[in-house]
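Subject: Structure handover

Hello,

Please find the structure we talked about below. My notes on it come after.

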Amino acid sequence: MIEATSCGGVVIFRGKILLLYKNYRGKYEEWVLPKGTVEPGEGYKDTAAREVREETGARPVIIKYVGKSQYTFSVPGDTVSKQVHWYLMMANSYYSRPQREEFFVDSGYYKYHEAYHLLKFSNEKQILEAAYSEYQDLKRSNLWGSKKYF
């Protein structure tokens, strides 16, 4: 078994969530949250920020750690056990540009219920729920977007 670690973000701007649409030769089609592999010597926060920037073009601020998801998948001759560490992030605009080299063909910000239904994987839906709940708590406390929070 191969063990792998990735980090990603639930990026929010004005209550909407940033998603990416991946289309790999018509076989692998799905909406996902931005995430990617930790590089040697890189911290989890740094990986999350870098991957969101590379995959979406957005440059959000990390607000807080949300949690981790775990799953396995098969590759030729082996199984990969992956854990993904997720962060709630705040963007400063609706700007996004999907990373074509990673087969992302679209990106955009969606209302919570739209994002929830667009996401393919249940573990990403659970992370979205947790992150959006944190976002709402911060917003109710007038801390979202506030310099006090940082």
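Predicted model: local features only at pLDDT ≥ 70, side-chain atom pairs only at ≥ 80, totals over all residues.

Residues are numbered from 1 along each chain as its sequence is written, and side-chain values use heavy atoms, with hydrogens and water left out.

Overall fold

The protein has three helices and seven strands. Helices (H or I, at least four residues) and strands (E, at least two) are DSSP runs, numbered from the N terminus. Read from the N terminus, the order of elements is β-β-β-β-α-β-β-β-α-α. The C-alpha trace spans about 50 × 30 × 25 Å along its principal axes. The radius of gyration is 15 Å, which agrees with the value near 15 Å that a compact globule of 150 residues would have. That radius is taken over C-alpha atoms, and the globule rule is 2.2 Å times the number of residues to the power 0.38.

Of the 150 residues, 45% count as buried. Buried means under 20% relative accessible area, exposed means over 50%, and partly exposed is in between (1.4 Å probe, protein chains only). Contact means heavy atoms within 4.5 Å. Among contacts between residues at least 6 apart in sequence, 67% join residues at least 24 apart.

Strands

Two strands pair if DSSP finds at least two bridges between them. S5 (61–75) and S6 (78–90) pair in the antiparallel sense over 13 bridges. S5 and S6 form a hairpin with two residues between them, and glycine 77 in the turn has a positive phi of about 85°.

Strand S2 (residues 16–24) runs antiparallel to S7, and six bridges join them. Leucine 20 has serine 107 as its bridge partner in S7. S7 (residues 104–110) is mostly covered, with five of its seven residues buried.

Largest pocket

How much space lies in the largest pocket? The figure is about 580 Å³. The search used a 1 Å grid over the protein atoms alone: a pocket is an open set of points where a 1.4 Å probe fits, with protein on both sides within 12 Å along at least five of seven lines, and lining residues have an atom within 4 Å of a point. Grid points are joined across faces, edges and corners, and a volume is the space filled by probe spheres set on the points.

The lining holds 25 residues, and Lys22, Tyr28, Lys35, Tyr71 and Lys82 lie nearest the centre of the pocket. By type, the lining divides into eight nonpolar, eight polar and nine charged residues. Here Ala, Val, Leu, Ile, Met, Phe, Trp, Tyr, Cys and Pro count as nonpolar, Asp, Glu, Lys and Arg as charged, and the others, Gly among them, as polar. Elements that each supply at least two lining residues include strand S3 (28–32), strand S4 (35–37), helix H1 (44–56) and helix H3 (122–140). S5 gives the largest share, four residues.

Single residues

- Asparagine 123 is found in helix H3. With a relative accessible area of 16%, asparagine 123 is buried. Not counting residues up to four places away in sequence, asparagine 123 touches Ser69, Gln70 and Tyr71.
- Arginine 53 lies in helix H1 and counts as partly exposed at 32% relative accessibility. Leaving out residues up to four places away in sequence, arginine 53 touches Ala58, Arg59 and Arg97. Arginine 53 and glutamine 99 are 46 residues apart in sequence and 9.5 Å apart in space, C-alpha to C-alpha.
- Arginine 100 lies in the loop between S6 and S7 and is exposed, at 52% relative accessibility. Apart from residues up to four places away in sequence, arginine 100 touches Val105 and Asp106.
- Arginine 14, in the loop between strand S1 (2–13) and S2, has a positive phi of about 50° although it is not a glycine. Arginine 14 is exposed, with a relative accessible area of 66%.
- Asparagine 142, in the segment after H3, also is not a glycine and has a positive phi, near 55°. The relative accessible area of asparagine 142 is 59%, so this residue is exposed.

Regards
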